[in-house]
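Dear colleague,

Please find the structure below for your records. A summary of the findings follows it.

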Amino acid sequence: MSLSAQTIALFREVAGRKAFKKHIFEPSFKEAKDKNDLNEEKDKYIYIPKGVTSIGNGAFEDCESLKEIVIPNSIINIGDGAFWNCKSLKEIVIPNSVTSIGYATFYNCESLKEIVIPNNVISIGAYAFCHCESLKEIVIPNSITNIVDY
């Protein structure tokens, strides 16, 4: 099976997956495509390696135990609902490489307290921070040219 470097996906059939408390993606991993790329019930800490360019739609959706994610400076796009319902996520650092944050990206991240949007982001989707009940501050840079409103 031959996959292009742009679309390599992490296969879920990893021995002992249910026991993971920390998940470190393999260096060959290029795109977090969907929630099947990890165990949404057990993974608490996610480290995405350098070289990954996109966090796909719903990539970490319903990962209610996820507390921390480290996003490398190679990520350009954070897709729609990427962190939807990650109720334990308290803090996230969005790297300067990100240019767009999708629709409902952090929807119902009820533990998220603060987020700083980097200067390169030009677009934020509707409901990106909807139901983030603990969110006290969002720093939005002047670079934003589009915040979608529904």
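Among contacts in the chain between residues at least 6 apart in sequence, what percentage join residues at least 24 apart? The share is 25%, where contact means heavy atoms within 4.5 Å.

This is a predicted model, in which local features need pLDDT of at least 70 and side-chain atom pairs count only at pLDDT 80 or more, while totals for chains, interfaces and linings use all residues. Residues are numbered from 1 along each chain as its sequence is written, and side-chain values use heavy atoms, with hydrogens and water left out.

The chain has twelve strands and zero helices (DSSP runs, numbered from the N terminus: E of at least two residues for strands, H or I of at least four for helices). Of its 150 residues, 43% are buried (under 20% relative accessible area, with exposed over 50% and partly exposed in between; 1.4 Å probe, protein chains only).

Phe60, Phe83, Phe106 and Phe129 form one aromatic cluster. There are five aromatic pairs in the structure (rings of Phe, Tyr and Trp, the last by its six-membered ring, with centres within 6.5 Å; planes under 30 degrees apart are stacked, over 60 edge-to-face, the rest tilted). Trp84 and Tyr107 are stacked, at 4.1 Å centre to centre and 15° between the planes. Trp84 lies in the loop between β6 (77-78) and β7 (91-92) and Tyr107 in the loop between β8 (100-101) and β9 (114-116), so this pair ties together parts 23 residues apart in sequence.

Yours sincerely
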